[in-house]
Amino acid sequence: GFTSNLGKGASVSYAVSSLKDGGEGVTRNSFGLTTQGLTFSYLDQRISDGFSRIARLSDFERGQLGNERGIRRTSLNLGLALSKTSAFQFSQLGLSDASAGMTRQSFAYNTQGLTARLNLASTDKGFSRARDLAGLNDADRNAIESERGFKRMDFTANLTAIKGLNLSTYTYSANNAADRLSRDIFRHNLVWTPNKSTVINYLTEGNSAAADGRVMNGVDHQRISFDQQARNGVKISAFRDVVTTVAGGTKNPSVTTDYLKYETDRAKPANLLAEARRIDFGNGKFENLTHLDLNYRAAKNLGLRFNRLAIDRGADPSSETNLVQWNWQASKTVTVNGLYSLTSTNNNTDSTVRSLGITAPIGNMFNFTGAYTEAATRNANYRRVADFTLATAKPFDLLGMKQTNLAVTYSGIQD
């Protein structure tokens, strides 16, 4: 072989190597060319089927050869720098033994704001040598095994050249003409950010497996969403989501979800969350959810919370829960809180919850914390829970023990 420096970063090389064991062996022919803006390489390798010395080669040599006895490997790589910001790459790989083989081709283009790649592959059904190939991980070998008998195409692109717009796309299609099988996968995602506070997102994705031209299993998913961060911490969100599935050759009803949410700054004392969700299961079943959560500062020392959650499923189990909660700072050291919750249902499981809690000092030495809760469900047990704790307000020294704290707790549950 030889290597020649052509000047200005350019070079050319050619190498021939041969490793023989009797009449069997390895032959490698390689050629490489590098110039300003271009790289090219070609490899032609043959390993005789009867070559038995692979196990005795060095780790480096085994890494190059794998267990490719009886396989011819050809590869070609081309890289072109089209400009300072754009480049084109092409690669081709061929592997074959006496009975079958596989080919891979890849085309890639990269420029500022755009990347695109097209991959083409063909794997003979009888090619069973994936585990013997050099330079592959388990995922690559499993992919070759799964595509035996298939011709495959996949395309990936990402576009970011347009300000505020991001488009990504992926398409995979594989066809086995002999067995009349096909597989398809796609994912297309468009994200539009017209301004700093608004995002619109559209996604369509899915996959399918077909036999004799009929889709046997598959999923189709589409989603469009809108999110806006308005002034003063107000957030508005909405989306529509549609999922359609095919199982065992039968198309199932589409499941459609519509969602809307309005939310003010939850870190502020007075805040509001309102949301609605509608799910249509496509088979006469549905689930409609309405949720309202309001926190209100009625006075400097009194906070109120109102919460309503309604879930409507028609004749199926449905419910509506209304809750009132308060927190009263009676003084600098006394806090009283409580809540009342009522749940109404359409299946005789109505329930109520009442609770009252207090935290207060007793003199200068003790703190008292108490909570009492009642929970009742129609046609079920009535539960009462009480928790009381009396603890020292400050640590003290006792019988040689310093910084001692004492606490007495009572807990009771009655069903």
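**Entry 1. The nonpolar patch**

Which strand gives the most to the nonpolar patch? I noted first that the model I consulted is a predicted one. I then found that β20 gives the most, with three residues. I looked up which strands supply at least two of its residues each, and recorded β18 (286-299) and β20 (319-329). I took L294 as one member to examine and found L294 in strand β18.

**Entry 2**

I next followed the strand pairing around β23. Strand β22 (residues 351-362) pairs with strand β23 (residues 366-377) in the antiparallel sense, over twelve bridges. Within this pairing I noted that A371 in β23 stands opposite G357. Three residues separate the strands of this hairpin, and G363 takes a positive phi near 70° there.

On β23 I recorded a further antiparallel pairing, with strand β24 (residues 382-392), over eleven bridges. Here I looked up A376 and found that its bridge partner in β24 is Y382. The hairpin of β23 and β24 has four residues between the strands, and N379 in the turn has a positive phi of about 60°.

I also found a side-chain link between β23 and β24. R384 and E374 meet in a salt bridge through their side chains, at 3.8 Å from N to O. R384 lies in strand β24 and E374 in strand β23, so this pair ties together parts that are ten residues apart in sequence. E374 is buried, at 17%.

**Entry 2. Salt bridges elsewhere**

How many salt bridges does a search of the whole structure find? I recorded 26. One of them joins R129 to D97, with the closest N and O atoms 3.9 Å apart. R129 lies in the loop between β8 (114-123) and α2 (138-146), while D97 lies in the loop between β6 (87-96) and β7 (101-111), so the pair ties together parts that are 32 residues apart in sequence. I checked the burial of both partners and found that R129 is buried, and so is D97.

I then looked up K261 and E263, whose side chains meet in a salt bridge at 3.6 Å, N to O. K261 counts as partly exposed, with 22% relative accessibility. E263 counts as buried because its relative accessibility is 15%, and the buried class is set at under 20%.

I also noted a network of salt bridges that links R104, E147, R152 and D154.

I turned to D241, which is found in strand β14 (residues 235-247). Is D241 buried or exposed? D241 is buried, with a relative accessible area of 11%. Which side chains make polar contacts with the side chain of D241? One is the side chain of H221, at 2.7 Å. Another is the side chain of R223, at 3.2 Å. I then listed the residues in contact with D241, leaving aside its neighbours within four places in sequence, and recorded H221, Q222, R223, V255, T256 and T257.

D212 has a positive phi of about 55°. D212 lies in the loop between β12 (198-211) and β13 (214-229). D212 is exposed, since its relative accessible area is 52% and exposed is set at over 50%.

Q403 has a positive phi of about 50°. I located Q403 in strand β26 (residues 401-404). Q403 counts as exposed, at 57% relative accessibility.

Conventions: Residues are numbered from 1 along each chain as its sequence is written. This is a predicted model: local features need pLDDT of at least 70, side-chain atom pairs count only at pLDDT 80 or more; totals for chains, interfaces and linings use all residues. Side-chain values use heavy atoms; hydrogens and water are left out. Two strands pair if DSSP finds at least two bridges between them. Buried means under 20% relative accessible area, exposed over 50%, partly exposed in between (1.4 Å probe, protein chains only). A polar contact is a pair of N or O atoms within 3.5 Å; within protein, one must be able to donate a hydrogen and the other to accept it, and residues adjacent in sequence count only if both atoms are side-chain atoms. Contact means heavy atoms within 4.5 Å. A salt bridge is a side-chain nitrogen of Lys or Arg within 4 Å of a carboxyl oxygen of Asp or Glu.
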